[in-house]
Amino acid sequence: MRIGIDVGGTHTDAVIMQGDNVLVSTKALTSADVISGITNALDVILGESGISQDKIETVMIGTTQFTNAIIERRELAQVAAVRIGLPSGNGMPPMLDWPQDLKDALDSECFMLHGGYLYDGWSLADIDEVEITNMINSMLKSGVKNIAIASAFSPINSAPEEQVAAKIRQAIPDAKITLSHSFGRLGLMERENAAILNTTLLPFADKVVSSFLGALKKRDLHCPVYISQNDGTLMSADFVRSFPALTFASGPTNSLRGAYKLTGLKDAIVVDIGGTTSDIGVLQNGFPRESNVIIKVGGVRTNFRMPDILAIGLGGGSIVSADGSSIGPRSVGHRLVTEGLVFGGKTLTTTDILVASGGADVGDKSKVAHISAETIRKAKATLHAMLDKNIDMMKPGGKSMPVILVGGGAILVTDGLNAASEIHRPEHAGVANAIGAAIAQIGGEAEQMVSYRTLAREEAIKQVTKDAMQRAIDAGAAAETLRTVDIEETPVPYMDESSTCIRVKVIGELASSSANSSDNTQESTI
């Protein structure tokens, strides 16, 4: 048996699953300290099911803690940003286009060093030992210990990043360092931004992971613990301490994976309706379709792998105009239980329209008896038109597809959807995100630019696949279960006609308990 937990901004959802069956589920309010929300959810599912803690083999947790920390500019550590790429790019230093309030929150220092490589392996410049020594002396003087290092084309040749990191660790043994080639893609500035965002979260990641483990220990759960990441796969707790940024957008991903598990549909549109927004995504072969455009996190351009999600301001707490002709994007959010009309408040929300129409029995329906039939009709038409319009925008090639409705606000859809070939409302749809966390597998991804003139295509793909598999194993996957799920080849414009960027993604099952006893994962268990 396994437990899946999704810690959202409003609710903490939890399930116990045995194989593909959901044995018990619950939704608890997310607490300010997060931990009491998790322990409350655990108390409900363990108490209602009567399942002994020693029957639980694994716990998977999805969290928005790190995304929220960036967006809200809190819990961010001081960072030193090191770029290895001179003499090129001197006019565009690190963090050039960042929002000023975020730069202020990081209290960052920036250093630019000679070195790095071009796409074809030619060196930009030799490493300058004097520059490195001066930089380290400056770090020692300021006391900064969270350091992001990015080098030009480091996914192809990471030697400069590793060389500089080794010298920093020699002088500052307790430094927390992110090397951009470990998880970013080729574009230097976006990869550098991603490394800086990850680095500023490292001390907070230690705190959050320790809190998660502590909450489970309080409930006598002594099993391996994993955190879900934004491609629908898992990381060990130790891996999250080094790469917290990989959890960005993991919430919508968990919902899409949960929708797949509940319906068995590998290709579909998923609409996850919550209290404030509706997240619309696409399932391709059972996994979220990834975005191919630059993603901004907290106002910063990054090249993270991210699910392609369209979020619109439509949820159970969305504010409805008096005549029903407009809905959202303003919402009462988690204050619905005090501000919605059916709960004695003064704000007309979508939940009030649903109750007035007879679609749900929530709160005191006499509080919405005065709403006219015309307002109800118009508001429902507005809601369905909003969803139809945005679902159409997400369809691959505009082709007709089934729609899976999940999330607590899915009950708002009462009249069908013109944009859907068919609608699915699976059982346990309200906790699809926790189910998605519970079924997640371990994944690994690698990217490299190659020239087919010097390396045969088959051999190039084999090399990149080997790197992706090693990353999956490092994250806790069982080597014998790994399989390739995606190979992307992109010809590079304005370069040698045979230059191609290859990206490979693999997934596999969690390593067995015995494997988890290795040094790499020992600390991820309680």
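**A loop threonine, a sheet and a helix**

Mentor: Start with Thr-347. Its relative accessible area is 19%, so Thr-347 counts as buried. Bear in mind that this is a predicted model.

Trainee: Where does Thr-347 lie?
Mentor: In the loop between helix 10 (336-339) and helix 11 (350-356).

Trainee: And what is Thr-347 in contact with, leaving aside neighbours within four places in sequence?
Mentor: Ile-319, Val-332, Glu-339, Gly-340, Leu-341 and Asp-352.

Trainee: New topic. What's the strand order in the open sheet of nine strands?
Mentor: The order is 3-2-1-4-9-10-21-23-22, and the pairing is mixed.

Trainee: Which strands stand at the edges?
Mentor: Strand 3 (21-29) and strand 22 (483-491). Each has a single partner strand, so one side of each has no neighbour in the sheet. From one strand to the next, the twist averages 30°.

Trainee: How do strand 9 and strand 10 run, parallel or antiparallel?
Mentor: Antiparallel, with three bridges joining strand 9 (residues 225-228) to strand 10 (residues 233-236). Ser-228 stands opposite Leu-234 of strand 10.

Trainee: Now Phe-66. Buried or exposed?
Mentor: Buried, because its relative accessibility is 1%. Phe-66 is in helix 2 (residues 65-72).

Trainee: What does Phe-66 touch, beyond residues up to four places away in sequence?
Mentor: Leu-201, Phe-204, Ala-205, Val-208, Val-240, Pro-244, Thr-247 and Phe-248.

Trainee: What separates the C-alpha atoms of Phe-66 and Asn-198?
Mentor: 9.2 Å, with the two residues 132 apart along the chain.

Key. Residues numbered from 1 in each chain as written. Predicted model: local features only at pLDDT ≥ 70, side-chain atom pairs only at ≥ 80, totals over all residues. Heavy atoms only, no water. Helix = DSSP H or I, 4+ residues; strand = E, 2+ residues; numbered from the N terminus. Buried < 20%, exposed > 50% of the residue type's maximum accessible area, 1.4 Å probe, protein only. Contact = heavy atoms within 4.5 Å. Pairing = 2+ DSSP bridges. Axes fitted to C-alpha atoms, helices over the stretch in contact; angles between N-to-C directions.
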